[in-house]
Amino acid sequence: MITGEIKNRIDSIWDTFWTGGITNSITILEQMTYLFFMKMLDDAQVKKEAAANMLGGKVKDPVFKQGDWHNPDTDRDEPYSNLRWRTFVNFEAEKMFQTISKDAFAFIKNLSEGKESAYSRFMENATFLIPNPRTLVKIVEGVSSLDMNNRDTMGDVYEYVLGKMAASGNNGQFRTPRHIIRMMVELMEPTLNDTICDPAMGSAGFIVESAKYVQEHYKTELLKKDNAEHYKNSMLHGFDTDQTMLRIGAMNLMLHGVDNPDIEYRDSLSSDNTDTECYTLCLANPPFAGSLDNESVSKSILSITKTKKTELLFVALFTRMLTVGGRCASIVPDGVLFGNSTGHKSIRKELVDNQRLQAVISMPSGVFQPYSGVSTAILIFTKTNAGGTDKVWFYDMKADGYSLDQKRDEVKENDIPDVIARFKNLQGEEGRTRKEQSFLVPVEEIRANDYDLSINKYKEVERVKVEYEQPEVILGRIESLEAEINAAMVELKKMM
C-alpha cells in the first residue's frame with residue numbers, strides 16, 4: 001500500500017514538472033517513466049552485484065558492462081559507469097543534465113536485449129523533454145528516494161501516478177478506473193491456464209490487474225518452472241496504436257513484476273491482426289468514439305457485423321480472437337445494447353444466438369468522470385460458436401463507491417461487492433423479481449424483443465398510485481388565495 005510520504009514525494013515530482021513548464025499530464029508520466037527505467041536498471045544491477053560479490057562470482061548478463069559504450073546519436077564513447085543512476089546522480093547540475101539527456105537517454109533508447117526489451121523496444125521515437133538542469137536535478141532527487149527493487153510499492157506508485165493523470169482531465173481516455181478493472185478481473189477469475197489479451201491496452205490496466213490476481217491466488221503454483229515461464233512470457237498480451245501508451249504500459253507491467261509481456265504496436269481491427277482463436281480470456285475497454293473506413297477493417301471482422309463503429313467491431317474481434325470456451329468481459333457504450341442499426345442488431349444476435357451471453361451489467365453514467373459522462377455497460381460472454389445462451393443476468397449498478405460527479409469522492413454506497421457475489425452465484429438469482437436490482441431474463445424473451453439488451457426493457461418499475469384533489473377543489477383554493485391577495489393589496493393602498 002502506498003504511504004502518505006511516498007504520495008507526497010510523487011506530488012512534489014509532479015509539481016516540479018509543472019513549474020518547469022511541462023503541464024501535459026501524459027508528457028509528465030512519460031518523462032517520469034524514462035527516469036524510473038534508468039533507476040530500475042541500475043538498482044537491478046546493484047542487487048546482482050551484491051549477490052555476485054557474496055558468492056564470489058561475476059554478474060550474469062550485466063546491463064552496464066566494463067569499459068565504454070558507443071553513443072550512436074553523438075558518435076562518441078561514454079564510460080558505462082557514467083550511465084548508471086548511482087553515478088550521474090552525484091554530478092553537478094549541468095553535467096548531470098548533459099549526461100542524462102544525451103547519453104543515458106540514448107542508452108535506454110538503444111537497449112534492445114535482455115529482460116528489459118518489453119519496454120526498450122518501444123523507445124525508438126521517444127524524446128527527452130525535461131527543459132533545464134534545475135528542473136532535472138529536483139526530479140532526480142525525488143526519484144532517487146524510491147526503491148525500484150520493491151515491485152509491490154513501485155506498482156502502487158505507478159498506479160497513483162496514472163490516477164493523477166486521469167484526475168487532471170487530460171488523456172483520461174487512456175485509463176479505465178482501477179476499481180472497475182479490478183471488479184471485471186474478479187468477475188472473470190483468471191487462472192494460470194489462461195492466455196489473456198487486451199487488444200486496446202492503453203496503460204495496460206487490465207493486463208496488470210490480471211497479473212496481480214494470478215500472483216495473489218496462485219503463489220504456490222507460480223514456484224513451478226513451467227507456470228512461471230508461462231506467466232512471464234506467454235500469458236499476457238496487449239496491443240495499442242500509440243507508442244507512448246505502449247511505453248507506459250510496458251513500464252506499468254515491469255513495475256508489477258511482469259518483465260517480458262507480449263505487447264505490440266498493432267491496429268487490432270486491421271487486416272494486419274490475424275489472431276484467431278488465440279486467447280482464453282479477453283478483458284478490455286475499447287475505444288467508443290469514431291467510425292472506421294471499411295477498407296481498413298479486417299474482412300473476417302466485417303463478416304460478423306458489417307459496420308464502421310469501433311465499439312461494435314471490437315466486440316466482433318473478441319469473438320474471433322477467443323478460443324472456443326474462451327471468455328470475455330468488455331465495457332461498451334449503452335448504445336451497443338439497444339441501437340437499431342443493422343450492425344448493432346447483428347452483433348447482439350451473434351452474442352445471443354452463436355455464443356453464450358451470460359451477463360449485462362449496466363453502470364452509472366458518472367463512472368468515467370471527470371473526463372466523460374458516457375453511460376456504459378459490461379458485457380460478459382463465452383465463445384462457443386454453437387450458441388448456449390439460456391438466461392441472461394442483468395444488474396442495474398447504481399453506485400461504485402465514488403460520487404458520480406466531477407469530484408469522484410469516496411462514498412459509502414457501493415454495489416461492486418454485490419455485483420461480484422451475485423455473479424458468482426447465478427443459481428441464487430432464479431427467484432429474483434424484475435423489480436429488484438438484478439434478475440435473469442430467458443433468451444426467448446430477448447429474441448422476442450429484437451435482441452434488445454437494455455435493462456430498462458425488462459425491469460419492472462413499481463408505480464405508486466397518486467390521488468389528486470378534484471379540479472373544483474383546487475380552483476376553489478386558488479380563488480380563496482386570490483381573494484386574500486386582493487384584500488391585502490387594498491389594505492396596502494390605504495396605508496400609502
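Contact here means heavy atoms within 4.5 Å. My model is a predicted one, where local features need pLDDT of at least 70, side-chain atom pairs count only at pLDDT 80 or more, and totals for chains, interfaces and linings use all residues. Residues are numbered from 1 along each chain as its sequence is written, and side-chain values use heavy atoms, with hydrogens and water left out.

**Helix pair.** I looked up H8 (residues 178-188) and H9 (residues 205-217); their axes come within 9 Å and cross at roughly 55 degrees. Axes are lines fitted to C-alpha atoms, for helices over the stretch in contact, with angles from 0 to 180 degrees between N-to-C directions. Helices (H or I, at least four residues) and strands (E, at least two) are DSSP runs, numbered from the N terminus.

**Who touches whom.** From H8 I listed Arg 178, Ile 181, Arg 182, Met 184, Val 185 and Glu 186; they meet Gly 205, Phe 206, Glu 209, Ser 210, Lys 212 and Tyr 213 of H9.

**Sheet.** Next I traced an open sheet of 9 strands with mixed pairing, ordered S5-S4-S3-S6-S7-S9-S8-S10-S13. Two strands pair if DSSP finds at least two bridges between them. S5 (262-265) and S13 (438-442) are at the edges with a single partner strand each, so one side of each lacks a neighbour in the sheet. Neighbouring strands are turned by 15 degrees against each other on average, direction ignored.

**One pair up close.** I checked S8 (residues 356-363) with S9 (residues 376-382): they pair in the antiparallel sense over 7 bridges. Met 363 stands opposite Thr 376 in S9.

**Back to H9.** I find H9 lying across S3 (196-198), S4 (236-240), S6 (279-284) and S7 (322-333), at about 170 degrees to S4.
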